[in-house]
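Try each one yourself before reading the solution.

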Amino acid sequence: MASKSAKKANLLDHHSIKHILDESVSEVVTSRGYVEDVRLSNVRLLVGTIIIVIALFAQFYKKKFPENRDFLIACIGLYPFFFCLIIYTKEKDAILFTYPPAGSFTSTGLVVSSKLPRFSDMYTLTIASADPKSVSAQEPVHLTKSVTQWFTKDGVLVEGLFWKDVEALIDQYTKEPKKSK
């Protein structure tokens, strides 16, 4: 951690702050033995490719504009349908999906999600099971704290403090008793 350069954010830009915190959360979780599950990202790439193919069909359709109006409307309607299907059903506020750590007895990975509302300094980090219906799924755990606890007045992230809080949340999740059904 000492060999890396300091992570600095523009304190007036909540997107910059959230990006640095989310990036650091991913580092902490993966350093604890959780491997990132990129299947959803691959599905998004596949859906994007399908949308590009649909756009090419719309562009080079054998009929010109007035006659292909219905076809163009259908192609334009498919775009938000495909992306909203993924974002609103699975992704939501997730910043990281993981597989279970190697050698663990649990059969489900983690979904790590975060929120930093606009005009607020309260960052909420949630760790939940990637498969909430699994027998080995735990109850989700949450951490809500002001970002002012982790940044200096110059916008530099105090990684040691932040890592401690995230590691404590991971420990809380892994030690939490199983859900009662």
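**Exercise 1.** Which residues does Asn-68 touch, not counting residues up to four places away in sequence?

*Solution.* This is a predicted model, so start by placing the residue: Asn-68 sits in the loop between α2 (39-59) and α3. Next, list its contacts: Ala-58, Tyr-61 and Lys-63. Then check one of them along the chain: Ala-58 is 10 residues away from Asn-68, and their C-alpha atoms are separated by 8.3 Å. Finally, look at accessibility: Asn-68 comes out at 6% relative accessibility, so it counts as buried, the cut-off being under 20%.

**Exercise 2.** Work out what span helix α1 should have, and check it against the model.

*Solution.* Helix α1 covers residues 14-31, which makes 18 residues. Now look at the ends. At the start, a side-chain oxygen of Asp-13 comes within 3.1 Å of the backbone nitrogen of His-15. Just after the helix, Gly-33 has a positive phi of about 100 degrees.

**Exercise 3.** Find what the buried residues of α1 pack against.

*Solution.* First pick out the buried residues, among them Ile-17, Ile-20, Leu-21, Val-25 and Val-28. Then follow their contacts: the buried residues of α1 pack against β1 (94-97), β2 (110-115), β3 (122-129) and α4 (159-175).

**Exercise 4.** Which elements have the lowest and the highest mean pLDDT?

*Solution.* Overall, the mean is 82, with 88% of residues at 70 or more. By element, helix α3 (residues 69-91) is lowest at 72, and strand β4 (residues 141-146) is highest at 94.

Terms used: Residues numbered from 1 in each chain as written. Predicted model: local features only at pLDDT ≥ 70, side-chain atom pairs only at ≥ 80, totals over all residues. Heavy atoms only, no water. Helix = DSSP H or I, 4+ residues; strand = E, 2+ residues; numbered from the N terminus. Expected span 1.5 Å × (residues − 1). Buried < 20%, exposed > 50% of the residue type's maximum accessible area, 1.4 Å probe, protein only. Contact = heavy atoms within 4.5 Å. Polar contact = N/O pair within 3.5 Å; in protein donor to acceptor, adjacent residues only side chain to side chain. pLDDT = per-residue confidence, 0-100.
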